[in-house]
Amino acid sequence: MALTKVQADGINLADTFAFTGTTSGLVGGLTYNGGTTLGNLRIQTGTVTTAASSAIDAGTTDGTSARYYNITTVSLTGFASAPTVFATIQGAYHESVASPINSISSSSAQIYARAHRTAAIENVTIHYIAIGQAS
C-alpha cells in the first residue's frame with residue numbers, strides 16, 4: 001500500500017468521502033426471509049405473524065394469574081442440521097415472550113409465544129434469526 005502524506009491545509013475535514021466506485025470479492029449479504037451463507041455458516045433472518053388465537057395453560061382470566069400461549073412455525077432453508085434460533089415479539093406488552101423451545105430442525109422451528117394477556121401474543125410480529133451450519 002502506498003503512503004500518502006497530506007498537509008493540514010490540503011484536505012477538507014468536513015468531506016464525507018462518499019464512495020462512488022465498485023467493489024469485488026465481498027462475501028454474502030443479509031436479506032430478510034432469505035438468508036445468507038458465509039462459508040460453512042448459514043444465517044437466516046425474518047419475521048412471522050402469530051396466530052389470531054391462543055391457548056391457556058394456567059389461570060382463568062387475563063392478568064397475572066393467566067398464562068396464554070401459541071405456537072408459530074417458521075420455515076428454514078439451507079441448514080445442514082438444526083440451527084440455533086433466537087426470537088423476539090414486537091408488541092406493546094412487556095410481559096410477552098417468544099422462545100424457540102419447541103421442535104427445531106434443519107427445515108423448521110416452532111416459536112412458542114407466551115404472555116398473561118391474549119392481546120400480547122395474538123396477531124403480533126415475531127422477529128427471528130437462525131444461525132447454524134450450512135448444508
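A salt bridge is taken here as a side-chain nitrogen of Lys or Arg within 4 Å of a carboxyl oxygen of Asp or Glu. In the predicted model, Arg-42 is buried yet forms no salt bridge, and the nearest side chain of opposite charge, that of Glu-122, is 31 Å away. Because a salt bridge requires the two groups to lie within 4 Å, the separation of 31 Å from Glu-122 leaves Arg-42 without such a partner. A polar atom of the Arg-42 side chain does, however, lie 2.9 Å from the backbone oxygen of Thr-77. Arg-42 itself belongs to strand β2, and its bridge partner in β8 is Gly-132.

The protein chain that holds this residue contains eight strands and zero helices, so that its elements, read along the sequence, follow the pattern β-β-β-β-β-β-β-β. Of its 135 residues, 29% count as buried. Among contacts between residues at least 6 apart in sequence, 63% join residues at least 24 apart.

Several of the strand pairings can be described in turn. Strand β2, which spans residues 41–49, pairs with strand β8, residues 125–133, in the antiparallel sense over nine bridges. Strand β8 also runs antiparallel to strand β5, residues 84–90, to which it is joined by seven bridges, and within these strands Ile-89 stands opposite Ile-126. A further antiparallel pairing, over eight bridges, links β4 and β7, with Val-74 standing opposite Ala-109 of β7. Strand β7 likewise pairs in the antiparallel sense with strand β6, residues 97–99, over three bridges, and there Ala-98 stands opposite Ala-113 of β7.

The largest nonpolar core comprises 19 residues, of which Leu-76, Ile-89, Ile-111, Ile-121 and Ile-126 touch the most other members. Two or more residues of this core are given by each of β4 (67–75), β5, β7 (108–115) and β8, and the largest share, four residues, comes from β7. For Ile-121, contacts beyond its neighbours within four places in sequence are made with Thr-50, Ala-51, Ser-54, Tyr-68, Tyr-69, Asn-70, Ile-89, Ser-96, Ala-113, Arg-114 and Ala-115.

One of the residues in contact with Ile-121 is Asn-70, which is found in strand β4. Asn-70 has a relative accessible area of 5% and is therefore buried, the limit for that class being under 20%. The side chain of Asn-70 reaches the backbone oxygen of Ile-121 at 2.9 Å.

Although Gln-110 and Asn-70 are 40 residues apart along the chain, their C-alpha atoms are separated by 9.8 Å.

Technical notes: Residues are numbered from 1 along each chain as its sequence is written. This is a predicted model: local features need pLDDT of at least 70, side-chain atom pairs count only at pLDDT 80 or more; totals for chains, interfaces and linings use all residues. Side-chain values use heavy atoms; hydrogens and water are left out. Two strands pair if DSSP finds at least two bridges between them. Buried means under 20% relative accessible area, exposed over 50%, partly exposed in between (1.4 Å probe, protein chains only). Lys and Arg count as positive and Asp and Glu as negative; His and the chain ends are not counted. A polar contact is a pair of N or O atoms within 3.5 Å; within protein, one must be able to donate a hydrogen and the other to accept it, and residues adjacent in sequence count only if both atoms are side-chain atoms. A nonpolar core is a set of buried Ala, Val, Leu, Ile, Met, Phe, Trp, Tyr and Cys residues joined through side-chain atoms within 4.5 Å. Contact means heavy atoms within 4.5 Å.
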